[in-house]
Structures are given as C-alpha cells and as structure tokens.
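Please keep the sequence and the model at hand while reading.

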Amino acid sequence: MSLLRYESQVRPPLVKGNKEYHQVTEDICRPVESKPSRAWWIGFSISLAFLLFGVVSVTMEVIYGVGQWNLNKTIGWGWDITNFVWWIGIGHAGTLISAILLLFRQGWRTGVNRAAEAMTIFAVMCAGQFPIFHMGRVWDIFFSLPYPNTRGPLWVNFNSPLLWDVFAISTYFTVSLLFWYSGLLPDLASLRDRAKKKWRKLFYGITAFGWTGSTKHWQRHESLSLVLAGLSTPLVLSVHTIVSFDFATSVIPGWHTTIFPPYFVAGAIFSGFAMVQTLLVITRKVLGLEQYITIEHIEVMNKVIILTGSIVGIAYLTELFMSWYGANQYESFAFMENRLNLNSPYGWSYWIMMGCNVLSPQIFWSSKMRRNITITFFMSILVNIGMWFERFVIIVTSVYRDYLPSSWSTYYTPSIWEIGFYLGTFGLFFTCYFLFTKYFPVVALAEIKHILKRSGDGYKNKMNEIEKQGSDDFVKEHSHDHGA
Amino acid sequence: MSDNKYWQGFGELAATGEHEKRTQNEFQEDLPFEANNEKGWLDAATPRRDFLKYLGFSTAAASLAAGCRIPVKNAIPFGNKPAEISPGVAKYYATTYVQDGDAIPIVAKVRDGRPIKIEGNELSVFTKGGTNARAQASVLDLYDTYRLTHPKRKVGDKFEEVPTFEQLDELIINAMAGVSNPVLLTSTITSPSTKAVIAKYPSLKHIQYDADSFSGMLLANETCFGKRAIPSYNFEKAKVIVSFGADFLGTWLSPVEFSRQYVQQRKLKGGNLEMSKHFQFESYLSTTGASADERITHRPSETGALVLALYSVLDGSVSTPILDKKQKASIDKVAAELKAHRGNALVVCGSNDVAIQTIINGINELINAYGNAIDWSTTINCRQGIDKEMNELVDKMEAGQVGTLMIYGANPAYDYHAAEKFTSALKKVKVTISFTEKLDETSELCTFLVPTHHYLESWGETEPKSNHISFIQPTIHPLFKTRPYQTSLLKWSGNTNDYETYFKQYWIEKLGSSAAFDVALQNGVLESVSNNSTTGSFNKSGFNVAVASISSEKKGGNIELVLYQKVSMGTGKQAGNPWLQELPDPITKATWDNYAVMSMSMAKEILGIDLVKGKEREINKYEYFPEKPVVKITKDNKEIELPVLILPGMNANTIAVAVGYGRTGSLGKVVEGAGKNAFVFSSSNGVTTEYFSRNVSVTNTGKKYKVAQTQIHNSYEDRKEVVKETSLASFKKDPDQYKKFRDDLAKSYAPLTGDYRKEGTLYPDHAQPGLKWGMSVDMNSCVACGACVVACHAENNVPVVGKSEVVRYHDMHWLRIDRYFVSDKENADDLKSVVFQPMMCQHCDNAPCENVCPVAATNHSAEGMNQMAYNRCIGTRYCANNCPYKVRRFNWADYLGADSFPNNQDQKIVGKLDPVVHQMNDDLTRMVLNPDVTVRSRGVIEKCSFCVQRVQEGKLNAKKENRVLIDGDARTACMTACPTEAIVFGNVHDKESKISKARVENEQRLFYVIEQIHTLPNVNYLAKIRNTDDVEEVEHHEEVKTEAHH
C-alpha cells in the first residue's frame, strides 16, 4: 500500500510526539497565553538595558557628530557599515526559509519559518539603523528619497549604490513584513478565538483582520503566500547583491571585486542560518517546542551552513587567487598584505574570519556533529563572529591602506559609542524577539497543521500500520459497506 | 571709523531711561489680557477669551521659535557709503609682513574693513609675489584673542590696566626720571625711519638680538670684507650649490627669495635636461636637504672640519683635517664639481661660528662666487644681531649698570642661551618696559607693558635688502588700545609727533613729494636694483685664526644634538598661531609638538625599536599608533623629555630637536602643551651662540607620548603610478619613460582610436565646451615650504581641529604635502631622495566620488570642477571612501560653530575638543573668515574646490569688463602663495595659458596620479628628477598591467 504515502518513510517525521490538531494548538499557544517566566523577564530586561545604551550612544553621535566614533579621514566606514551588512545578512535566512523553501515545497520550513521571518524583520530593523545614523546629518535623510520636491526639484543620484540600498532595503523590509504578517493571520485568529481576557480579544481581534477560516479566506491566503514568496525570492538574491555593490562598484582595491554579489549572498544565508540556529536552539528549549523544532530541523540547517560556508570559503580563495593572478600591485597588496599577512595591523581579523567561516564549519561533515545541540549552538555563534569579521575585513582592511601610502591610516579601534550602537541593536533585536515570543506563536500553527497529517510522527506511525495491511483489508476497513 | 550715532526714534536719540527700559523688554507692550490682575486668568472676568489669547500667542510663539533656527543679528549699513568701498568687494592694500628681521612684501586682502588674506606683492623684485607659511598665517595673529588690549603696569605680582596712554607715559617718564643708561633691546630692525627714531632718543643704547643669530657670518664678513653685513645671494646663478647645514629653502636668511631662485635651475622645461646640482651637508634632515640631489650627513661638531677639508682640497695651502672615508670622498667630489663650475657655484653655511664662516668666505672666493652668485652691491639686512653685544648687555644688567630696559621683538627669557641668567639680571634693572603685542616669557617679567600694533594696523617700512624698501600701511583701525613703539619712543624723548606723522614726513622728504609717497605706498615696494654684481674686496687676514680655531675643535661625545627650526614655527614667535601649529612639518608630518628626531640605528640602540630588520609587529606598533616612546635628553644640568620620531637621513650620532615650542601659556591656550623649549640646549662659545651640543645623553624613559602626525607611512611602496621620480641620468637615458606609460595606457584601452578618455569608461564623457580648469604641480619645484597649505586654510575657512583631533586622524587640510622617503635598499638610514607631492582634490573628470553620492551632493561642473554642495550633503562618507587620493575631509564635529545645535562642542567622553577649537570660534577670531566661502557645518564632507570663489570672481570681473577671461584672472590661493611657481592653475582650453604651456613644455615629465584607474584627473604632476648619475633600471611597460576600472 505504499502508494498511499504522502511522503517517503525515509524522511524523519517533522512533528514528533503523536500530536493531534488540538494538542498542537495547545502546545504552541501555551507560551502566548501563560504568564511569562522569570527567565523571560530577565532576558527582556537585559535586552531593554542594551537598547537604552544604544539609544544613549546614538544620541551622543547625533548631538556631537560622527566624531564620537573613531572613524577617520581614511577609514570613513568602520563598525557602522560592518554592522549594517552583518545584520542585513542575518535577515536573509528568514526570507530564504519562507520564500524559496515554500516554492520548493520544503515541508520542514514550517517548524522554523515563523521565528526565522520574525528574525528577518528584526534584523533588517537593526541593520537599517546603521546607514541611517552613520550619516553626518541624519535630519536630512529625506534627501535620499526620490520624490517631486520644492528643492529644484532636486533628484537623488540613481548611479549611487547607496541609493540602490535605500530601495533594496525598504522593499525587503516591506515584503518581509507583509509575508510574516499574512502568515500570522490564521494563528492570530486562533488566539483570538481562545482569548478569555478582554484586551486579548481586542488585540488579537484587531490583528487577526477578521479572519474566519472560511474556504475563501484560506484560498486567498494561499494565493497571497505564493505571490509574496514569488516576490521575496528574487529579494533573497538581490538585497545582498545590491549591498555588495556598495563595494564592488567602487575603485578601492579589495572592494572593487566582481565576485562580490554571489559571495555576499552565500555569506548572508550562511550567517542567517547560523543566527536562526542560535535563536531556535534556545527558543525550543525554553518554550518546550522540541517536538515542533526537532533535531531534524537543526540538522537540515547545519547542512545549509556547511554548504554556504564552503561557497564562502571558495569565494575567499578565489579572491586570493585573482589578486595574485591579476598581478595588480594595489589589489595584491590589499589581499596579501592587508589581509593574508598575519603580522600586518589587521591580519588577525582575516584569520579570525577564515577560522570561523571556512575551517570550523567543516566539522558538520559529520552527522553526529550536525545533530549535537551544544556543538550547533557553539558553531552558530562562531559563524556569526566570523561573518562579522568578514564584513570588517572587507570594509576596514581595504580602505585603511589603499592607493596612496601617504593616507594610510592609524590603527582604528571603535569608541565606546560605536560599541554602544552595536550593542544597542542587539538590545533592539532581542527586545523585539522577546516581545514576539510572548505575544505571537513562535511556530506557525496553521502551517504545522498542514503538514501534521503527512509528516507528523503519529500519522506516520498510523501509515505504517496501513502499510502492513493488504489491500482487501484496507478496502474493507475503509469502505462504507457495513457487512451486508 | 567715525563716531556716528545711529538712531531709530527720538526716544533713542534723547536716550531717556524709559526708552532704554522699553527696548530691553522683548515685548514692549503687555498683551491685553483681561485678567491683568493678580488673580490669574482662570479667575478673570472672561477666562475663555484669555484662554484663546494665550493659546493663540503660545502657538504663534512656538511656531516662531521653531522656525527661527538661527538668531537674527542685524548689520547696520553705511549711513554714507564711502565712494571707494562697496560691501562685498575686496580691497587690496600693499604692505609688508614683518616678524623680527624677516620682511616679505605682501598685499593684504581687506573685505568690509577687515583683512582676511595675505597675498605676495608681485611688484617686489626679490620675492616676485612669493610668500611663506608664516606670512600667510600672520593675518590670524591680528585677531588673536590673547593680544594685549590695553597698556598695563605691574603692581605687586599682577598686571593692572592703565586706562590711557597719557597716564602710562606719565608713569613711565616718572619712573625713568633719574635713571641712567637706557637700553633698547630689539630683534633686528630693518626700518630706516625707525632707526632714525631710535637715534633721536637721547643716550639710548640700541642692542639687536636675534633668536636665530647670524653673528658668525656678520663677524666673518667683517674680517674678510670689512663690512659687518651679509651680501645677497643668487642661487639662480649657481650651477653647483653646496650647503653646509644652511636650510636656505626653509628657514635660512631669506628662504622665499632663495627658493624662487633655486628652482629656476631645476624646472627642466621644454626638453631642457640641464639642472643645478645641489649638495647638502647636514646633521639632520632639513627641508633643504630633502630637496638636495646628494646629502652627506655628519655630526654637528664636524661642520668645521668638513668646511676646512673642502677648502684644503680647493686650495691646498691648509692641511686637511681627518675625515672618514665616505666624507672624504664626498668632499673630493664636491670640490671637483666646484672647480669645474668656477663662477657658477655657491657655497653657503648655516653655522653661527665665525671661523667656519670665514673659511666659507674663502671657499666662495676660490670658486669665484663673489660678483656672480654672491653680490656685495646689495646686502641682506634681516639679521643684524651680534651675540656678543647681547652677552655684554646681560652682564651689564647683572652688574646693575642698566637703568631702563625697553624690549621690542626680542624674547631672551625664552630663546637666549642663558635665559635664566637674563631673567635674574632683568630683576636688577630699575625700569623694564616691553613693547609687545602679546604677553610672552620676557614681557611677563617687565614692569610696563606697552602694547604695540600688529603690522596690519601699522605704518612703517622695512628694508630687508639694501635699496629694497617695502612699506607698511594699516589695513584696519587698531582693534585694541595699542600704540606703535616708535610713537612711545618719540613721546618719551620729548617729541610731540607720533610715529605716523614722523614716518610720513620722513618719506615725503626723501621721495620729494607726497604724490611720490602715495605711489610708493600704493606699490608697496620701492626697489632700485643694481644688475651689476660686485665682488667686494676680500682679504685673508682672519684666516689663520679661523683655521686654528677649527683645528682645535673638540671631538663630540657619543650623541650630539642639533637644534633646528621648522618652516612653520621658526624660533617660535608665532607659536600662538593655530594655523601654524596645525601645519604639518614637511619632513615628519607632525603637528602641535616638537620631538627628538633620530636615526633608525640610534633608535635601535636606545629604544630597542628596529624599524629595518625588526619584527613586523614591532614596527607596526611604532608606526600605526600615535603613542611614541619618550626619551630624556640631558646636557649638563638641563634636561627635557621629548617623544621620539625615527627618520631616515639622520646622522647616526645626532638627534635633532626643533626650537620654537614649549612657549608660555600666556600666549594663549593654543600653545599649552605644545612641545618643550629646546633653546635650553643652545650655548655660547664666547663670541657667538651655538645651536648644537657636542655631547648629550639620551635615555629611554619607558613613557609614551602621543604625537599628532598627519601621515604615518613613509615609503611609497614602489607604487610607480603614485609618484614618479628618478635620477637625471636615467631620465636622460630614457626621457620618454613617463610618456610611454601614458601612451601604452591609451593603446591598451583604445587600440583603434587611442582615446583613453572616452574608451576607458562606460559612462558618457562630461562635455566641457567652454572653460576647463586644470592644475599642474611640479614636484621638482616644490620645496615643501607649506605656504600653500596655510594659504588654503585662510582662503577656504578650513577649520583648525587641534592636536586631540589630529591624533585621531581628523585633520581637515584640503591641501596636504605628501612626503615619501626613498632609502637605500641595504641601509634604510641612507636616504636617497625625499619626494614631496602636494595633494589636493584632483577634480577628476570621471570622479569615483561623484558616482557614489546618493544625493548628488558632489557633482561635476561644465568647467571640469568637482563641486561640493555642502547643504545637500548628508554625510555618508561614501565619497571619501571611494576617493583613491583620499583628499576628502569630513566634519567629524562642529569645529567652526556652524551648526544650529546648541552645546555641541562640549564633548566629554569621546572627542573632547582642544581649547584651540573654541578659540577659533571666538567672535574676534572669526573675523578672519572669508565671507565668500561657506563655513561648513558638522556632518558634511569638504575638499579642495579649486578656489571656486576666486574663479567665479575672475569670471565676473571679465564679464563686467566685457572681455573674455584671460590667464591670471582666476588663480587659486595655493598658486599665489607658492614662492616657486610649483603650482600652476588656469584654463586648459586656452592654449596660451600658463597651465597649457606647463603641460606642453613638460610633456616628458607629465603624469597623472594612478592614471590607470581612469579617474581622469584635472591635476597633473611633473615628475621629480634628482640630479644624480646613478642610472636606474627603467621598466618598460610593454603592456600596461592594469585592471579595468569602469
């Protein structure tokens, strides 16, 4: 009777613990409906404190100018844009999971997509802070928007990759937010229907947008998901491509590199999945969702990490090769001296990057490692450190010693407000994430239910029994012939 | 300025108390609230109406307050406009920059009654309009907030204001009554009328004292020529120039004049391959040494021996002192060159030793320099002080034989070799009077302070060279209660005239008519030039003494110390000038400090830092961090601690320390903490002052001190497209080597058309149909004097950021002079060449910065200029990152107080601003700002604009006169400041313009910096050629190995 299978028996179940629909609802809604734990409060307070420190840091910078950071006449971008690219990269996993995996009908995405999408939105929010506040005159930010104006009209410069960033990131944020929110609608409706308190009814009532669960709603919901997935899919590739253009289209040795678009996209997915791992390993434990976010999910994502990590590694080696093969004095200096040379002022940062991004993920060739939660968590942190350094290496070690040796810079270390700004975005990210885990279902309730009957372990087991039945028995059991 | 009264109403005219009270009240009438009783408006008869009034008023007030970002300040227009003054149109007055003996004929640009910029006076035959950094910066001294604002006298320990000069005169005359032996101590005075004034003062003894003394030369000339004077030099006439420690392009005697002469032989124009040969013997790396073709380093105590050795090779009548092999070879080579160029050679020496200067005179006589490159028909008068007279004065003061000491321009308490002795001797003088602009170390000790005018407020004249008169006329009404010291002298000696009247009479009498005087004032200069160089009558009488004196010279100790002057600071008279403090030293690129300069080998020995073979991390630790090791230098009982800068080209046994630092805090907060006083290491040999020590001990203190450098890397890393420099021999062998690179570039990018410009890019070409501005910088002419850098500061309101910000690499210079060392591969201390490359915005026609600006704040003009729209700039710094020349500067903080944000200059945790930034924001100091140039606010990028305001002015003037623009209508500030015409600016489309000619005539040396990335700069450079014989292997670029940057 194997013809009756929805899914190969080889595939491990995506939902464990023999769940029924109701049980799924109960499990996933529990954290939302119960009082937050002590751990939640502690985590939330710490995040809020970080956020406040970030606010102070940014305030200092806005009042006194960018001189509050230790950037200088040679290094115009440092931690600010490094952090920007890093956060943007992190966002990419969410979009990849929700959009591309949806189009490829990857059922396992349902366990992680909600959290990953939320992470995308928060990460893009954090990322956006940097290009905004790295500006010397942030109050004139509207100059960067193309709209008919009374200043001439004076238009933006469509040649500038920074302007492309404005479009790319705002589009990305909008689409990601819509995707996330439209996916939330059925779950919000469940919460509304279960709500007992007045304010909960009101809040979820409004946010559920009048969702009734009618067939028409479901049909539209599915279509919308597909359309948004279609829109998001190119974004996964385009956003980081455009971010990479900030560097690739410039003339600075080390920036001016045609390999950047694919290399940045791979790196973004790499770091994004690492961040998803970091978050979910904790979330599933704390919220008791191990049966929905299973070790299988973790393993699949570790596979993505080793794949993208290796792509990034090849990109690094290609760059090195090209800088040698190209025989361009300036470019080879940027790579061989500024980066590869461990004794050069920033050589250490290159080797941290290499170690974290290329060497360490290689342990995931072993499935034992892929399925080890502690290792996974540790590796996810390591990868994100590595990917932060990748951006730092690209940005700082290229400009600090470029064409004219007269302008080579003194050693750049961040000031307290630069560090504060970065920590502040962590504060923003985790504050949002904590609120998200408290007020929204962390796992997509409706989507889990979609796959429950084909990938849930209870149903898989039932299928096993059916499997053993002969076809006559099966027909007999399931026919409406009541023993005539 | 008249005493007009401006009034609005009769109340103000009558100045009634009621009116004043009313005007001080912002709202002159109360709002008609019906609740205008004590009860408050809620209890009023009609609270609703009052409420609406309050609401209306507060809304209006709030919106008004929100709308007014900047408080409105009213300017009062002229009641009766003088016919010759139009607001907004600059007037130019010929006058003279005077600082002690130094005098440079200048033209002061006066905008709306205030001088804002110094230009050279092109009518002067000896400077031809050249200036130096100090003259350029001097306009800022006028607006120094630390200037004395009124006469003062000392009561107890404190100075007390004396309300009027009449009262002061009375006090001083009373004090001087019955006191005999008045002495006037000044720095060199070159003004004939002032000397006449001094002569009129009964029984006044006048002593001249120079902080950088030329007594040795004056006395040697007295021995050899019977004249205590300095002849004039003409470096233009010398094919071979030998300098023994004379920094004649930087600080020696008359550097502006000498630089201009010097480069005439080094321009290599129009295929000319002949240039002068310049040998420099010195102990440290001076700016002159940096320009030399061959440098030989020696200990300062060996100068005499080297000079004598040269003499003996040339003459043979004296025995040669013992020299090491290398020095001997050099001396032989130099002697051969000198012999071969008899009559076309010149030897100068910076020593202040009579014996050495006597031998130098002998050498010059042997090589026929007199009557050729040295001219006795005109003398240089800018140094007249005789050290011995000063020493005698101090002895007399100590013995109580001086009753009154008046001091002008001299500051012995700071720069005298026995400053302590002077200070204690001064206490024994009954009446001490200081004529000074600012409190300094000496005037602090005097009883009476008689503030004098700044030169821009003064009348007068100078005669820096005989028969070369340059007049001084006021360009502004005196800002404070000051009086020329000549007037004081006239008053106290019983004359009724003030100096102004006296001066005018003196010159009208001399010139015959007041019309002639007016013409002379207008021209600024009155020069009668003799074209016949005279030899003077040389006699060898002092020779034996000199030879004996040199032969008995003691050998120096392990480490010797030499004092030197920086082009920016000189002897420190203008130390309170922020522009000069922030001007990077051309050699060390350091600002705001002095330091001990030592060779790499000495650094290895004393500090354990091996910059040659050491570990890369150790080297980087020295190079990439501003914290430099501090050493303690001890000589006898004097010691100072100074940070170390390690340079190539230093004598291995010598450390060099710049004088002019460590000034008193009463000069202003600017100088606080800026270096240490190195004059403590000067000493007297009984006759003259020596600016070196034969033996000092140097120990590593283990401390660190931040030195603010604007450039940290010294080598150009063999980057062929960044600077092009070679030896004359290689250039002769392959004169087309630079041109070939350019041709190859065109060939590889545009094999068919050869049009590199169009085919090197995907972007459309900027059409420049009419004018096209371009600049040419001749690296062979640049002597790194820094005049252009300061001129750029002054012209373009470039902010001063202070040491704390320079340390953070936040300096704002629009124009910088990049300096690269070329060392021997085997021995890094052995310096082969120093390359100076003035670097400013290259105004690329395919500018990387323009592409990347998201808001198009930087864009390209139809005349080829890269423009900045400051109020469009949002400060992403993308343009600065993408600029391959790194010339864009970001306003990291509100350096100039241009923001409407309140209290944004009181940073406390990060980026605390130095007091100098606040001083530069003072209302008085801000008077120096050029109203034609926007003062940039925090958060925007700025950079060289090709002085677009001057270009616009030139275009408008041409338009007003209904003619086409001609060459010279528009000149940048750097170009006009340059004494050597290294910088040429103009319209490239005009085939007759200087810039077009410079490019055509120097085609073989022409290059653009990193041209292969297709930025298409509008600034070209002319390669540096050293006149040496070593042939360097020329790499032939068969095919240009470059990466296409589109």
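The model is predicted. In chain A, A:Tyr21, A:Val24, A:Thr25 and A:Ile28 of helix H1(A) meet A:Leu445, A:Ile448, A:Lys449 and A:Leu452 of helix H15(A). The residues of this contact comprise 6 nonpolar, 1 polar and 1 charged.

**Helix pair in chain A**
- Helix H1 (residues 21–33) and helix H15 (residues 445–455) of chain A have axes that come within 10 Å and cross at roughly 150 degrees.
- Because angles over 145 degrees count as roughly antiparallel, H1(A) is roughly antiparallel to H15(A).
- The crossing of H1(A) and H15(A) is right-handed.

**Contact between the chains**
- Chain B places 60 residues in contact with 53 residues of chain A.
- On the side of chain B that touches chain A, two or more residues come from each of helix H22 (616–623), helix H28 (848–852), helix H29 (878–882) and strand E37 (889–890).
- H29(B) gives the largest share of that side, 4 residues.
- That side of chain B has 28 nonpolar, 17 polar and 15 charged residues.

**B:Asp830**
- B:Asp830 lies in the loop between strand E33 (816–823) and strand E34 (831–839) of chain B.
- B:Asp830 counts as partly exposed because it has 14 C-beta neighbours inside 10 Å.
- Apart from neighbours within four places in sequence, B:Asp830 is in contact with B:Ser823 and B:Asp824.
- A distance of 9.6 Å separates the C-alpha atoms of B:Asp830 and B:Ser599, which are 231 residues apart along the chain.

Terms used: Residues are numbered from 1 along each chain as its sequence is written. Chains are lettered from A and ligands numbered from 1 in the order in which they are written. This is a predicted model: local features need pLDDT of at least 70, side-chain atom pairs count only at pLDDT 80 or more; totals for chains, interfaces and linings use all residues. Axes are lines fitted to C-alpha atoms, for helices over the stretch in contact, and angles run from 0 to 180 degrees between N-to-C directions. Angles under 35 degrees count as roughly parallel, over 145 as roughly antiparallel, 65 to 115 as roughly perpendicular and the rest as oblique. A crossing is left-handed if the near helix is turned anticlockwise from the far one by less than a right angle, and right-handed if clockwise. Two residues are in contact if their C-beta atoms, placed from the backbone, lie within 7 Å. Ala, Val, Leu, Ile, Met, Phe, Trp, Tyr, Cys and Pro count as nonpolar, Asp, Glu, Lys and Arg as charged, and the others, Gly among them, as polar. A residue is buried if 20 or more other C-beta atoms lie within 10 Å of its own, exposed if 12 or fewer, and partly exposed in between; C-beta atoms are placed from the backbone.
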